[in-house]
Amino acid sequence: MNVLMDLLFFGFVVLTMAGAILAVRAGVLMHAVLGLAVSLLGVAGLYLYLGSPFLTLMQVLIYVGAICVVLVFGIMVGYTPNEVAEKVPMGRYAFLGLVASGAAAFFLMVMVIGRTDWAPAAQRLGDFSIEHVGRGLLFTWCLAFEMISVVLLVAIVGAIILARGGREEVGS
């Protein structure tokens with residue numbers, strides 16, 4: 001059983017990293033959004049592995065469901081690559097800045113990991129059936145669930161505004 005759980009964990013890590021690499025290295029903007037969605041699904045899987053079905057559902061609902069959809073709408077109504085101004089060439093100082101910031105982030109994480117007093121994980125406090133998650137969403141997490149639905153509503157309204165604005169510009 002432990003081997004299966006370890007494989008599941010590493011599968012979610014690989015999914016997250018593969019999506020992140022695709023998001024960063026994609027040549028087409030739509031592929032970058034797809035990579036972001038895959039990476040966020042991997043993070044949702046990590047939340048599920050850690051025993052938090054609420055965070056898992058909210059990760060999928062908010063980030064994959066709302067943010068990625070708004071990004072896709074933005075891409076659909078945005079400028080085409082032919083319309084974009086000439087690309088500014090990246091110099092060697094940008095590369096040196098990237099390496100320096102990466103090294104600083106690495107050493108900062110090493111320092112934080114070294115100074116953290118790690119505690120063992122808490123035991124699971126219930127079953128993770130659909131019924132249990134549904135009762136938790138309706139009774140325990142009702143306010144948070146409603147706030148998330150407001151965020152989704154704002155994302156949908158924003159997507160509609162972007163889509164209408166794009167149609168008006170094309171029609172003019």
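The count of salt bridges here comes to 1, where a salt bridge is a side-chain nitrogen of Lys or Arg within 4 Å of a carboxyl oxygen of Asp or Glu. The model is predicted: local features need pLDDT of at least 70, side-chain atom pairs count only at pLDDT 80 or more, and totals for chains, interfaces and linings use all residues. Residues are numbered from 1 along each chain as its sequence is written, and side-chain values use heavy atoms, with hydrogens and water left out.

The bridge pairs glutamate 131 with arginine 135; their closest N and O atoms are 3.2 Å apart. Both residues belong to helix α5, 4 residues apart, about one turn of the helix. Helices (H or I, at least four residues) and strands (E, at least two) are DSSP runs, numbered from the N terminus. Glutamate 131 is exposed, at 53% relative accessible area. Arginine 135 is partly exposed, at 48%. The cut-offs are under 20% for buried, over 50% for exposed, and partly exposed in between (1.4 Å probe, protein chains only).

Now the nonpolar cores. A core is a set of buried Ala, Val, Leu, Ile, Met, Phe, Trp, Tyr and Cys residues joined through side-chain atoms within 4.5 Å. The largest has 6 residues: Phe54, Met58, Ile62, Val133, Leu137 and Ile148. Two or more residues each come from α3 (53-77) and α5 (130-140). Helix α3 gives the largest share, 3 residues.

Take Ile62. Leaving aside residues up to four places away in sequence, Ile62 touches Ile67, Ile148 and Leu152; contact means heavy atoms within 4.5 Å.
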